[in-house]
Amino acid sequence: MNEKINFVIITGLSGAGKTKSVGVLEDFGYYCIDNLPPTLINDFLKIVSKTFGNINKVCAVIDVRSKDFFEQFPKIVEELRKRDDTSLKVIFLEASDETLIKRFSETRRRHPFNDDVSSPLPHKIKEERLKLTPIKEIADVVIDTTHFTTQDLKAKIREILTLEGKKALKILITTFGYKFGIPLNSDLVIDVRFIPNPFYEETLTQYSGLDSKIQEYVLKFKETKAFIDKLLDFLLFLVPFYIREGKSYLSISFGCTGGVHRSVALGEIISKRLKEFGYDVSIFHRDLKNENRE
């Protein structure tokens, strides 16, 4: 049986932060679509279900830009809550009139509630707020973004989605060879060329850091073991502060001369240790099959 589709609907007042919320959810691994008409929700979920679990976290912004929003949205939410294959959460965003006026003045965007250019902005905001009252009542969560920074919004959404802090940060470990250049997107670069190179061991040169023979070789040196302990201690100290600041991705690169033996072995070992501590880690060995290798 496929996992349930985690479906988050972002709705609420125009200018209350729906676009920023989409960015936050994308950082949390959600596939997002903006301005989805309510009548297309079922078709959208049907497409998602055909990915057989490859996509099971989706988000849609649904609001007054859809002509049938007020008529269709409550009925469709009611139907979605009866489905066994979908876990639905409706998040309603709002803000004070003063804040919304300030945001529209700064962006100079047209308020989408109605096309009457003679209607002043404060009047449109009040009309939209009144009209959205029934929609707000069926929401699972209401967020007032009046005093929110982007980081506040991110923390609030993470809390609502009950994402554990460790799972809110994706760690990508990249291994590489210095002879081919340092990965440009690295947050932290770790040089492991201080470890004796198994490339010069006749019986090991044909293996890579993915093989146990290489990992056992680098681990037989006491400086390697001490380095791993100190690096892990450093990362376990540092990463929670990144999470607290709302960082969603952390790229750590391990480099050796050719990117085949030491960096690959250390990357694999650190990846495994971080996973044991509950972190979401993926690993990419950039130069393991580099065609430019001599």
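User: Which residue of β3 is the bridge partner of Cys 32?
Analyst: This is a predicted model, in which local features need pLDDT of at least 70 and side-chain atom pairs count only at pLDDT 80 or more, while totals for chains, interfaces and linings use all residues. Residues are numbered from 1 along each chain as its sequence is written, and side-chain values use heavy atoms, with hydrogens and water left out. Strand β3 (residues 57-61) runs parallel to β2, and 3 bridges join the two. The partner of Cys 32 in β3 is Cys 59.

User: Which residues form the uncovered face of β5?
Analyst: Strand β5 covers residues 141-144, and its covered face holds Val 141 and Ile 143. Ile 143 is also the bridge partner of Leu 93. The uncovered face is formed by Val 142 and Asp 144.

User: Which residues have the most contacts inside the largest nonpolar core?
Analyst: A nonpolar core is a set of buried Ala, Val, Leu, Ile, Met, Phe, Trp, Tyr and Cys residues joined through side-chain atoms within 4.5 Å; buried means under 20% relative accessible area, exposed over 50%, and partly exposed in between (1.4 Å probe, protein chains only). The largest core has 47 residues. Leu 25 is in contact with residues including Val 8, Ile 10, Cys 32 and Cys 59, leaving aside its neighbours within four places in sequence. Those with the most contacts inside this core are Phe 7 and Leu 25.

User: In the open sheet of 4 strands, what is the order?
Analyst: The pairing is parallel here. Between β7 and strand β8 (residues 249-256) there are 4 bridges, and Ile 190 stands opposite Phe 254 in β8. Helix α10 (residues 222-244) lies across β7 and β8, running at about 180° to β7. The strand order is β7-β8-β6-β9.

User: The charged end of which residue sits over the ring of Tyr 178?
Analyst: A charge sits over a ring if NZ of Lys or CZ of Arg is within 6 Å of the ring centre and within 35 degrees of the ring normal. Lys 131 has its charged end over the ring of Phe 70, 5.1 Å from the centre. Over the ring of Tyr 178, 3.6 Å from its centre, sits the charged end of Arg 193.

User: Is Ser 118 buried or exposed?
Analyst: Ser 118 lies in the loop between α4 (97-107) and α5 (121-131). Its relative accessible area is 59%, so Ser 118 is exposed.

Definitions and conventions. Pairing = 2+ DSSP bridges. Contact = heavy atoms within 4.5 Å. Axes fitted to C-alpha atoms, helices over the stretch in contact; angles between N-to-C directions.
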